[in-house]
Amino acid sequence: MLRTREFFKMNNKHMTLGEFIISNQKSFKYSSGELSRLINSIRLAAKVVNHEIRKAGLVDITGAAGDINVQGEAQQKLDVLANNLFKQTLINREIVCGIASEEEDDYVVVEGNNKANENKYVLLMDPLDGSSNIDVNVSVGTIFSIYRRVSPVGTPVTQEDFLQKGNEQVAAGYVAYGTSTMLVFTTGNGVNGFTLNPAIGTFYLSHPNMKFPEIGKIYSVSEGYFTHFQEGMKRFLIHCKELNKEDNRPYTARYIGSLVSDFHRNLIKGGVYIYPATAINPKGKLRLLYECNPMAFICEQAGGTASDGFTRILDIKPTELHQRVPFYSGSKQLVAKAESFMNEFSSDEKPVYE
Ligand code: P6P
């Protein structure tokens, strides 16, 4: 009986994701039914991954799968599972002509019957970001980025279809598997957040038109690497800790080692997430194609800023699938402050792209 009452309560107040897609399809770039179907298949895969994650501790599928991925990182069983679930869901529906993933060495050509090559979109994803948190029951996320192919429809997908600038994305989003499961995405007309009601398996529009607070006081940085940071980054962190009442400092440090969760909290409360270049990772750790570009698209659509400390992320021309870049994203004023320190103290280390 609870389900019925809960169903009607939720239904009275909030639009479902399905209703949102239908009522906004006209505003989707190229407004074809394919993009709607693509978002719907992401919704389905997210629900299945969510189900697997929620029971992970019980069926001992966490922990390393024993394989090493292209990043040289131990693949967690849930990484592999999430990757295969999203990939299979997309392939079965023959909506995309190609898929790139953090967990795949190269891009995947979607064969199916040759109709698959008539599909207009490619999807890039980090199927389970923050996987180091899996075994300690801390939030993880899925990140996805969608482009319209640039190679001729009807021919096999090419690498160029994946190496497009972030400003060419037609849609991007993330799933946050936190205390509740949320799907947050943009198709270029603002950012909307949907919360899963697990009792009935429906996503409801819980956070319409999400915007970064202009002023934030949270900074999310892995400060353990301080000694390896560039001078500009060190100066910014010192700035965050100084006492300055007018400027609301010292700021609050919040970093849980899961980009999606740190980003999502900052989007709601205001703040900046930075994974800078370090002596260990001179190009930063995060990947341009399936982490920084989608999060930057969402960031800008929500009124924030995203750069590599100097250059707008969405303007960077990718040169390889698993390319890494430094990532500064969040409330405009905080990102600008970090960039000012980088320009003043580390301009000679500004990333240069081929
Ligand atoms: P570190 C997770 O592996 C990730 O890609 C992001 O989700 C997270 O913010 C970062 O790396 C954590 O990296 O070096 O601080 O452990």
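Author: Happy to! Let's begin with a term: a residue is near a molecule if one of its heavy atoms lies within 4 Å of it. By that rule, 13 residues surround the ligand, and the closest are Asp129, Tyr255, Leu259, Tyr273 and Tyr275.

Before going further, please keep in mind that this is a predicted model, in which local features need pLDDT of at least 70, side-chain atom pairs count only at pLDDT 80 or more, and totals for chains, interfaces and linings use all residues. Residues are numbered from 1 along each chain as its sequence is written, and side-chain values use heavy atoms, with hydrogens and water left out.

What kinds of residues make up the shell? There are 6 nonpolar, 4 polar and 3 charged ones. Here Ala, Val, Leu, Ile, Met, Phe, Trp, Tyr, Cys and Pro count as nonpolar, Asp, Glu, Lys and Arg as charged, and the others, Gly among them, as polar.

Next come the polar contacts, meaning pairs of N or O atoms within 3.5 Å; within protein, one must be able to donate a hydrogen and the other to accept it, and residues adjacent in sequence count only if both atoms are side-chain atoms. The side chain of Tyr255 places an N or O atom 2.6 Å from a ligand oxygen. For Asp129, the distance from a side-chain N or O atom to an oxygen of the ligand is 2.7 Å, and for Tyr275 such a pair is also 2.7 Å apart. Taken alone, the ligand exposes 400 Å², and the protein buries 86% of that. These areas come from the Shrake-Rupley method with a 1.4 Å probe; for residues, only the protein chains shown count as cover.

Now for Thr278, which lies in the loop between strand 13 (272-275) and helix 8. Helices (H or I, at least four residues) and strands (E, at least two) are DSSP runs, numbered from the N terminus. Thr278 counts as buried because its relative accessibility is 6%; buried means under 20% relative accessible area, exposed over 50%, and partly exposed in between (1.4 Å probe, protein chains only). Its side chain reaches the backbone nitrogen of Asn281 at 2.7 Å, and a polar atom of the Thr278 side chain lies 3.1 Å from the backbone nitrogen of Ile280.

Helix 8 itself spans residues 288-301 and includes Leu288. Leu288 is buried, because its relative accessibility is 0%.
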